[in-house]
Amino acid sequence: MLCLLVQLAVTCLSLSGQHLFRRRNVAAFAEQPYVFAVEVAADTPVPLTVAPQATFTPQPDAAETDTFLRVEVIRETPEPPSWAGKRVLIYHTHTWEAYEQTDGAPYRETEKWRTKDNSNNVVAVGDALTAALEALGLTVVHDTTAFEPPNLDDAYERSLAMLQRRAEAGESYDLYIDLHRDALSSASTIRRTVTIGGEEVARFMVLIGKGTTGGYTEKPDWEANQLIARRITSSLNGQCEGLARDVKIKTGRFNQHVADRCVLIECGVNTNTLQQVLSGVPYLAQAIADALAGGESSSE
């Protein structure tokens with residue numbers, strides 16, 4: 001509760017004709033953002049004085065008994081969230097990964113579950129995540145380069161070259177996100193969605209690579225990357241139980257050696273619709289912000 005000291009000035013005339021003010025101290029109590037009560041204190045006639053920031057304009061038709069009351073309510077400026085200004089890079093090594101086609105959102109396939117149409121593949125998810133993170137106060141760079149052509153098998157070499165160019169240009173980020181779409185067979189029993197407010201929402205999974213296969217000399221700090229992955233996962237499941245699958249640890253490197261805090265996030269699976277994934281993006285954005293704020297997950 002905010003307590004303000006204000007002054008109630010009541011005009012009166014002395015016998016000499018000099019204007020005097022009866023100044024009354026008023027304690028104004030505010031439950032942000034409005035004053036809801038006042039308490040009048042001492043009542044002592046004093047000569048008129050005006051604070052430097054105050055102005056007093058006599059009303060031409062006002063009677064000498066007019067009362068003027070000025071109450072200033074000072075609002076506390078909220079502290080910016082601890083993630084504000086954090087820098088995030090989003091890119092897509094498998095740029096053309098796409099989702100279940102629907103009558104309302106058909107697309108031309110490059111192959112099964114893939115399309116060059118960025119309004120129907122994971123680039124659309126990256127666009128939505130960028131907007132959601134920026135709305136939370138983070139700074140985001142979304143690289144929409146298509147790394148798949150000419151050959152999907154060496155797409156990671158091309159996305160690595162992009163990451164190296166950015167590092168050489170002096171760019172650094174608090175979080176590097178390679179945004180993908182997972183693939184499940186029709187026989188898989190893994191749940192594809194959760195229900196939030198009556199809406200089917202795709203699930204997310206964070207993947208971390210150890211870099212122990214492939215003959216790499218440079219390996220990720222996978223335990224540090226796992227920490228941020230667990231924070232994202234914990235926040236997602238805190239918002240809705242089951243919204244995130246368990247963090248997956250694999251032996252590949254996935255370019256997660258380039259800097260601290262590199263993750264691969266699987267946004268839904270091939271049999272989800274794009275809308276189901278987009279419905280989950282606000283929750284993912286909040287989870288990323290929470291993770292960058294440094295909150296400890298319950299499992300740590």
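This is a predicted model: local features need pLDDT of at least 70, side-chain atom pairs count only at pLDDT 80 or more; totals for chains, interfaces and linings use all residues.
How are α3 and α4 oriented to each other, and why?

Residues are numbered from 1 along each chain as its sequence is written, and side-chain values use heavy atoms, with hydrogens and water left out.

1. **α3 against α4.** Helix α3 covers residues 222-239 and helix α4 covers residues 274-292. (Helices are DSSP runs of H or I with at least four residues, strands are runs of E with at least two, and both are numbered from the N terminus.) The two helices pack at an angle of about 130 degrees, with axes 8 Å apart. (Axes are lines fitted to C-alpha atoms, for helices over the stretch in contact; angles run from 0 to 180 degrees between N-to-C directions.) α3 and α4 are therefore oblique to each other. (Under 35 degrees counts as roughly parallel, over 145 as roughly antiparallel, 65 to 115 as roughly perpendicular, and the rest as oblique.)

2. **Who touches whom.** From α3, the contact uses Ile 228, Arg 231, Ile 232, Ser 235, Leu 236 and Gln 239. Among the α4 residues are Tyr 283, Leu 284, Ala 287 and Asp 290. (Contact means heavy atoms within 4.5 Å.) The contact residues split into 9 nonpolar, 3 polar and 2 charged. (Ala, Val, Leu, Ile, Met, Phe, Trp, Tyr, Cys and Pro count as nonpolar; Asp, Glu, Lys and Arg as charged; the others, Gly among them, as polar.)

3. **α4 itself.** α4 has 19 residues. The helix reaches 26 Å from its first C-alpha to its last, close to the 27 Å expected. (The expected span is 1.5 Å times one less than the number of residues.) Look at Val 281: a kink of about 35 degrees lies there, shortly before Pro 282. (The bend is the angle between axes fitted to the seven residues ending at a residue and the seven starting there.) After α4 comes Gly 294, with a positive phi near 95 degrees.

4. **α1 against α4.** Helix α1 (residues 122-135) packs on α4 at about 35 degrees, with axes 9 Å apart. Val 281 is one of the α4 residues that meet α1. This contact has 13 nonpolar residues, no polar and no charged.

5. **Two loops to check.** The peptide bond from Pro 149 to Pro 150 is cis, with omega near 5 degrees. Pro 150 sits in the loop between β6 and α2. Trp 113 is not a glycine, yet its phi is positive, about 65 degrees. Trp 113 lies in the loop between β5 and α1.
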